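Please keep the sequence and the structure in view while reading.

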Amino acid sequence: MRRCAQGLSLIIILLVSGAYILDDMVLLLAAGTLLCGLLGQYLLFEYRFRSIVTSVTVQRSLERSQVRKGTTLRVSTKVTVTVPPSMHARITERLSPQVVVQDGDTTLPVEPDPNPRTYQFRYRITPVVHGKMRVSGISLFVQNVFFSHEIDLSSHQFSGPDLIVQPVGIFEPSGKRTTAESREVEKLKVVRGFGIRALREYYAGDDLRHIDWKLSAKHNKLYIREYTGMVNLPPLIIVDLPWRGAPFPQADLARMVSVVAGMAEHSIRSYQFVSLLVISGSNIIHFYREEKNLQQCMSVLREWMHPVERVAHQYHTLDRAEVRAEIRHLETVILQGGNPGILHFSDTLRKHYSSVLVHMRAPAFTGQVARTFSSLAIDECYLFSLGCGDASHIHQLIRQAKIADVMMHIRLPGAIISSRLPEDQNYQSANTVEAFA
Amino acid sequence: MKQIQRDYVFLAVLAAVVFGVTAWGGLPIWYLNLILLCLFGGIFYAVRSWHDRAFYLACAGVPLIIACCVMSTWMGLVSVWMVAGIVCNAMGILEISDDIRIFILFCGATVPVALVVQVSNHVVLPLLIFVAGTAVILAVQAVRDHQFRKQYGAHP
């Protein structure tokens with residue numbers, strides 16, 4: 001009830017009291033008619049309020065359905081509502097307390113219009129607590145000159161969709177800490193690091209020293225900090241040597257050899273050993289496993305760091321996964337329809353790919369790399385290459401690294417980074433691609 | 001018909017009722033009705049841009065209605081309709097045909113109220129009827145409102 005209606009109610013109460021005390025029918029008539037008017041307005045408001053609520057439809061979409069804690073994502077909500085004349089409404093998104101609104105409006109005024117009108121919310125949120133989260137609907141506030149009502153529309157048709165928030169996010173330090181012989185990884189290890197990789201609920205047996213008291217007090221539930229793990233595994237160094245039969249930049253090769261030597265030396269000094277894989281295209285030239293002697297390592301580098309003859313060549317070789325992706329793409333094109341010529345070509349190409357796929361075997365190089373990764377205790381590797389010629393073997397290296405859960409860092413000459421990298425798909429799935437100094 | 005024209009119509013009819021009742025009653029304090037009419041007109045003019053003008057107009061209109069009802073219940077009822085029309089017009093809730101229909105419904109609903117008052121000798125019985133009726137309506141509305149909120153506010 002708004003101020004105007006409250007004043008009218010006061011007048012009614014005064015008139016009724018006066019009529020009762022003075023036994024005056026005139027005062028009662030005035031009170032009765034006022035009461036009749038106010039009650040009628042209330043019933044009318046209730047009727048219109050219900051019609052507004054029943055006219056509401058909500059369509060909400062999230063930019064992603066699964067994010068990491070601390071990631072900002074965009075939310076778009078379309079609300080269609082019919083507000084009759086002389087009524088005013090306001091719609092507010094009911095967001096979970098687990099998220100923070102970064103920008104955009106979550107409240108919109110709705111103007112009276114006898115026809116359905118669609119309003120759109122656009123805002124960005126950042127989940128600060130991991131777990132399953134659901135936008136719990138909208139809040140509708142309706143008022144006219146006498147009354148106002150608010151209702152939380154949280155049933156199934158107004159709420160959702162679900163957002164799964166994975167741990168790790170804003171509590172995670174931006175850069176991984178490294179010491180002389182170890183570095184932090186986002187895995188549970190016996191030796192724990194200093195960074196927090198996740199927060200989770202307390203389970204019996206957890207170390208009480210790991211309880212996050214501030215978060216626990218906020219949510220009235222015990223939360224445990226999961227710390228990052230510490231590893232002291234040296235990275236695998238992969239050197240991709242150029243082919244002798246094609247031109248290559250001599251200066252870049254010299255610089256690459258220098259950087260590889262420096263890295264191998266650092267690895268031996270920090271981690272006591274280094275593993276070195278020398279390849280040239282899809283040919284494995286040499287593999288040094290956990291070499292501890294610095295002198296020996298340097299002599300090996302001096303022996304092998306020059307252009308070699310390639311026995312096997314790959315030229316834009318596709319692997320089975322890529323062929324399957326091509327087939328799926330062509331099937332989508334055929335299903336969508338269109339120009340008969342394009343459809344015929346797509347169908348022919350699809351049949352060709354399908355027939356090739358049946359007889360396709362994984363290249364020997366892929367198997368050799370997979371066996372190399374599986375035999376080493378590593379979690380990251382550095383690939384040094386001059387980026388000359390075909391890069392199919394690099395793509396296969398990255399794929400095998402992903403399968404083995406090994407981070408792949410690619411180091412290329414600066415000129416290649418600036419010229420070829422943007423359009424080259426082979427490098428894009430690596431964890432980092434940088435120029436070697 | 002524009003809002004201002006409706007205001008003039010309601011005010012003219014109200015003035016006619018007040019003048020008629022005053023002339024027909026022949027009371028020694030006949031000028032009181034005219035003073036109340038002028039007061040209502042003055043307040044109507046003064047509060048035309050105020051936010052809660054319905055309340056002030058009701059406050060100004062109630063003495064005038066009482067004065068008319070003292071002379072005649074049915075003339076008082078007509079004055080109620082006119083004051084209600086002015087208040088509704090001032091609040092902008094007499095713009096569309098639906099609103100006018102609702103206003104006519106209100107006028108019809110006040111007739112039984114006046115009839116109850118007319119046939120009763122004392123306040124207690126009609127007062128009980130009004131209070132009981134209001135209580136029943138509010139109770140039913142409360143239950144409906146609860147069910148409505150439950151339907152739309154329930155979690156799946």
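In chain A, three strands make up an open sheet of mixed pairing, ordered β2-β11-β8; strands are DSSP runs of E with at least two residues, numbered from the N terminus, and two of them pair if DSSP finds at least two bridges between them. Because β2 (66-68) and β8 (131-134) of chain A each have a single partner strand, they stand at the edges, and one side of each is left without a neighbour in the sheet. Direction ignored, neighbouring strands of this sheet are turned by 30° against each other on average, the axes being lines fitted to C-alpha atoms.

β8(A) and strand β11 (residues 162-166) of chain A run antiparallel and are joined by four bridges. Gly131(A) has Val165(A) as its bridge partner in β11(A).

The model is predicted; local features need pLDDT of at least 70 and side-chain atom pairs count only at pLDDT 80 or more, whereas totals for chains, interfaces and linings use all residues. Residues are numbered from 1 along each chain as its sequence is written, while chains are lettered from A and ligands numbered from 1 in the order in which they are written. The mean pLDDT (the predictor's confidence in each residue, from 0 to 100) of chain A is 84, and 94% of the residues score at least 70. Among the elements of chain A, the mean is lowest in strand β12 (residues 183-185), at 68, and highest in strand β15 (residues 236-240), at 92.

The contact comprises 36 residues from chain A and 42 residues from chain B, where two residues are in contact if their C-beta atoms, placed from the backbone, lie within 7 Å.

Definitions and conventions
Axes fitted to C-alpha atoms, helices over the stretch in contact; angles between N-to-C directions.
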